[in-house]
Amino acid sequence: MSYRITVEPSGVSFTAEAGQTVLEAALAHGVALQHGCGNGSCGDCKGTVLEGQGEQGIYMPLLLTPEEKAAGAAILCKFKPTSDLCIAASVHTESFQHAEIRRLLRLGPDVMGLWLRPETPFAYKAGQYVQVEVPGHPGVMRSYSIANRPADDGTLEFHIRRAPNGLFSTQLFEALQPGDRLRIRGPIGEFFLREDSPRDVLCVAASTGFAPIKGILEEAFFRGFDRRIHFFFGARQEQDLYHLDLLADWARRYPNFRFTTAVDTGGTQMLLPTVDECGPWGQHEVYLCGSPGLINATLALLKTYDTPSAQIHFDAFAPS
Ligand SMILES: Cc1cc2nc3c(=O)[nH]c(=O)nc-3n(C[C@H](O)[C@H](O)[C@H](O)COP(=O)(O)OP(=O)(O)OC[C@H]3O[C@@H](n4cnc5c(N)ncnc54)[C@H](O)[C@@H]3O)c2cc1C
Ligand code: FES
């Protein structure tokens with residue numbers, strides 16, 4: 001059994017086989033439906049079901065508000081049609097472009113700093129991410145957060161963690177060199193600094209979850225943000241806490257900024273008792289980035305402070 005899916009406003013249509021999600025079916029037909037993680041963690045594939053039915057699979061809490069659900073919103077990477085569908089969703093119209101590797105620098109034993117110069121520099125909000133095509137694997141994309149605020153020359157900075165046998169990160173650590181070119185697409189995502197918020201700021205990140213937080217903090221400092229900012233940075237091993245000198249420098253230069261680090265070999269969720277001790281956090285604008293486990297645990301903690309979901313922003317670094 002197959003179902004016809006029509007995407008508005010582009011008018012693109014394709015078929016989905018029984019058991020396929022909307023995203024799987026779109027990608028199988030070469031339709032570049034906007035998405036990030038592909039597994040219900042980031043919310044970037046959010047769309048609206050205008051006509052028809054389907055089964056919504058599991059996704060991270062807070063990706064859909066009750067109002068959005070009532071209006072037919074769906075997480076399309078986890079949505080399996082059970083009838084023909086008409087949906088409203090974004091289809092990428094921008095093409096890929098090449099970006100040259102300008103610099104590679106080990107930030108820690110398992111963390112590589114990567115600086116890319118796109119052929120056509122583009123505007124983005126600090127905290128957003130791009131997708132990088134794995135060299136030698138056409139169409140296979142990996143998501144990486146931009147770690148700097150927009151630079152005058154368009155250079156993009158990334159902090160990339162080596163994944164066990166990672167298709168992209170192994171090439172990055174072992175083969176890629178300055179001067180090589182990568183195909184990228186972006187910017188993507190809703191994780192960025194809410195400049196107009198009058199609230200103090202809580203940031204929580206683990207490992208390379210620091211990447212988009214760094215961009216967000218740079219943007220805040222650049223704009224002369226005077227709200228208090230407390231950043232909690234965790235890792236499973238001491239050497240994964242990179243850029244500590246930079247953080248110490250910021251703490252000296254900006255009196256409204258402080259940071260706290262925590263190492264826990266058992267898992268970064270143990271960062272949270274430290275966060276909890278420094279609460280309450282109900283009135284803060286909150287930025288979270290790290291593994292889905294860390295995000296879920298932090299969301300549970302914030303629930304105890306009744307932090308409104310509109311004040312909580314996160315990117316979950318799920319495997320692609
Ligand atoms: C929106 C978004 C932004 C991201 N930004 C960053 C970033 O700035 N820096 C960064 O380092 N990562 C980031 N990630 C995570 C990164 O995209 C994935 O880890 C990616 O799968 C790594 O690709 P790879 O080819 O190296 O490994 P893969 O070939 O995808 O995976 C190899 C093996 O490692 C496991 N694995 C891969 N990633 C993870 C993970 N994160 N946690 C646990 N197991 C994993 C896989 O399950 C697989 O077994 C982001 C993810 C998303 C969704
Ligand atoms: S792509 Fe669907 S939630 Fe990330």
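**Backbone and ligand site**

Modeller: Let us begin with Pro 9, which is placed in the loop that runs between strand 1 (2–8) and strand 2 (12–17). Please keep in mind that the model is predicted.

Colleague: Which residue has a positive phi although it is not a glycine?

Modeller: Ser 207 has one, with phi at about 50°. Ser 207 sits in the loop that connects strand 14 (201–206) with helix 4 (210–222).

Colleague: Turning to the ligand, which residues come nearest to ligand 1?

Modeller: A shell is read as the residues with a heavy atom within 4 Å of the ligand. There are 22 residues around ligand 1, and those that come nearest are Arg 142, Ser 143, Arg 161, Phe 168 and Ser 169. By class, the shell holds 13 nonpolar, 7 polar and 2 charged residues.

Colleague: Which polar atoms of the protein lie by the oxygen and nitrogen atoms of ligand 1?

Modeller: For this reading, N or O atoms are paired within 3.5 Å. A polar side-chain atom of Tyr 144 is 3.5 Å from a ligand oxygen. The backbone takes part as well: a polar backbone atom of His 159 lies 2.9 Å from a ligand nitrogen, and a backbone N or O atom of Leu 167 is 2.9 Å from a ligand oxygen. Ligand 1 alone would expose 900 Å², of which the protein buries 77%.

Colleague: Where does ligand 1 sit, and which elements give two or more residues to its shell?

Modeller: Ligand 1 takes up the space of the largest pocket. The elements in question are strand 11 (141–145), strand 12 (156–161) and helix 3 (167–174). Strand 11 provides the largest share, 4 residues. At the level of domains, domain 2 (97–188) and domain 3 (201–316) each supply at least three residues to the shell.

Note on methods:
Residues numbered from 1 in each chain as written. Chains lettered and ligands numbered in written order. Predicted model: local features only at pLDDT ≥ 70, side-chain atom pairs only at ≥ 80, totals over all residues. Heavy atoms only, no water. Polar contact = N/O pair within 3.5 Å; in protein donor to acceptor, adjacent residues only side chain to side chain. Areas by Shrake-Rupley, 256 points an atom, 1.4 Å probe, with all protein chains shown as cover. 1 Å grid on protein atoms, 1.4 Å probe; cavity = no way out; pocket = protein on both sides within 12 Å on 5 of 7 lines; lining within 4 Å. Sits in = over half its atoms within 2 Å of the grid points. Nonpolar A, V, L, I, M, F, W, Y, C, P; charged D, E, K, R; others polar. Domains from an automatic or database assignment.
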